[in-house]
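Hello,

Here is the structure I promised to pass on to you. Please have a look at it first, and then read my notes below.

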Amino acid sequence: MSTMTPTAVPALPADRPVETTRSWKTPIAFGVFTLLALVLFGFARRPGTATFRLASAGDFFALPNVPLPAAATGVVVIVLLALATVYAVIETRGARRVPLWVTALFALVFVVGFLSWAVAGDSITIPGMLVGALSLSVPLVFGALGGVISERVGVVNIAIEGQFLAGAFTSAMIASLTDSAWVGLVGALVAGVLVSFVLAAFSIKYLVDQVIVGVVINAFISGLTGFLYSQVLSPNQGTLNVGIRFPKIEIPLLHQIPIIGPIFFEQTVVVYLAYVAVAVVTFGLFKTRWGLRLRAVGEHPQAADTVGINVARTRFWNVSIAGAVAGLGGAYFTLDAAGGFTKDMTAGAGYIALAAVIFGRWDPIRATFAALLFGFASNLQNTLAAVGSPVPSEFLLMLPYVVTIFAVAGLVGQSRGPAAAGKPYIKS
């Protein structure tokens with residue numbers, strides 16, 4: 001009988017197959033949005049033409065504006081959405097999953113129809129809208145990557161919001177003291193790690209419920225940073241909360257590509273780090289020994305323990321890495337977006353990042369796309385308010401959270417996270 005060496009790890013697939021159970025969530029979601037489109041674009045149709053401006057200053061060549069008659073576009077959109085809903089029903093009845101590209105295309109068609117309806121008689125600049133969406137997505141991307149790493153190793157990271165706040169506060173103060181955004185960025189990494197140390201210690205060593213620990217950490221960090229802001233930063237605004245920010249860096253030639261260039265290649269260091277982080281985490285999780293051990297501990301810690309992997313140590317250090325990644329997301333708020341710290345400035349972004357982890361099925365690439373979706377929904381309220389949309393302002397404020405809840409509850413379908421996530425491991 002052959003024996004397994006202590007350094008071996010149990011084989012794991014890159015992503016576990018989901019049981020083929022019939023779920024009607026996607027057809028129901030499609031049907032709801034089709035009915036909503038019928039009400040808005042049919043019964044409440046608006047006259048006029050919506051003009052989509054595609055050109056930006058500095059492009060290699062200027063793309064022409066795209067005028068879309070609101071009423072005619074609404075009819076076409078309703079028909080396409082209805083066809084997609086019928087297709088989803090047929091696939092579900094046959095116990096087949098609706099392809100992801102169909103859902104993405106459905107969402108794109110609905111957004112085009114909604115923008116045509118909301119902007120009827122006015123114009124909207126598409127590159128500017130997408131730049132704003134990416135800006136709001138970057139912290140969610142960092143938070144989602146931290147959540148994926150933590151949950152893949154078996155620890156539910158509810159504390160992303162606290163890691164965001166700690167990173168934002170620390171980066172703002174240290175950058176102000178040192179007059180260097182780079183030093184502030186390092187400070188955000190350290191702050192995220194320190195917060196994750198608390199999560200790891202209580203959930204791994206003392207076996208406290210991970211969700212409860214995460215919620216308590218979020219409340220504690222919110223109170224602590226709020227107190228320090230009012231007692232320390234506010235009275236010393238000129239020295240401790242100056243608002244130092246990274247400058248934008250244009251990638252030669254690439255930033256002149258129409259539409260894509262201004263969105264992706266005229267950004268700050270923190271945004272470019274997000275691109276790198278997505279690639280590194282994806283490669284590391286599925287192509288390296290580190291990722292294999294991490295996923296083994298998150299799926300079957302007892303099996304991992306039997307082949308010589310220290311489960312507690314593996315979880316502790318990977319939760320710390322997750323905290324460092326989330327800390328970068330916190331730094332974005334102060335070193336890129338706002339330029340200075342304000343009380344509770346993350347506004348629940350950590351919980352939206354956690355929703356992106358679930359919506360992305362614990363996969364770095366999918367979680368990134370989910371973060372981009374939620375960032376787009378958050379920016380849409382600003383865009384519609386700027387063009388004087390007929391949508392009530394109260395609904396615009398709810399929009400990103402409504403999209404988040406609906407996406408997770410309505411479109412995730414049958415999905416199972418890492419088997420040992422949230423379960424403390426007691427060595428037998």
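Let me start with the salt bridges, where a salt bridge is a side-chain nitrogen of Lys or Arg within 4 Å of a carboxyl oxygen of Asp or Glu. The count by this rule is one. Its partners are Arg-96 and Glu-91, with 3.3 Å from N to O.

Before going on, please note that this is a predicted model, in which local features need pLDDT of at least 70 and side-chain atom pairs count only at pLDDT 80 or more, while totals for chains, interfaces and linings use all residues. Residues are numbered from 1 along each chain as its sequence is written, and side-chain values use heavy atoms, with hydrogens and water left out.

How exposed or buried are the two partners? Arg-96 counts as partly exposed because its relative accessibility is 44%, whereas Glu-91 is buried at 12%. (Buried means under 20% relative accessible area, exposed over 50%, and partly exposed in between, with a 1.4 Å probe and protein chains only.)

Next comes the second largest pocket, with a volume of about 320 Å³. A pocket here is an open set of points on a 1 Å grid over the protein atoms alone, where a 1.4 Å probe fits, with protein on both sides within 12 Å along at least five of seven lines; lining residues have an atom within 4 Å of a point. The volume is the space filled by probe spheres set on the points, which are joined across faces, edges and corners. Its lining has 18 residues, and Leu-136, Phe-333, Thr-346, Ala-349 and Ser-378 lie nearest the centre. Two or more lining residues come from each of helix 4 (126–152), helix 13 (311–337), helix 14 (349–359), helix 15 (364–386) and helix 16 (393–411). Helices are DSSP runs (H or I, at least four residues), numbered from the N terminus. Helix 4 gives the most, with four residues. By class, the lining has 12 nonpolar, six polar and no charged residues. In this scheme Ala, Val, Leu, Ile, Met, Phe, Trp, Tyr, Cys and Pro are nonpolar, Asp, Glu, Lys and Arg are charged, and the others, Gly among them, are polar.

Ala-353 is found in helix 14 and counts as buried, at 0% relative accessibility. Its C-alpha atom is separated by 9.4 Å from that of Thr-368, 15 residues apart along the chain. Gly-417 sits in the segment after helix 16 and is buried too, with 16%.

Enjoy exploring!
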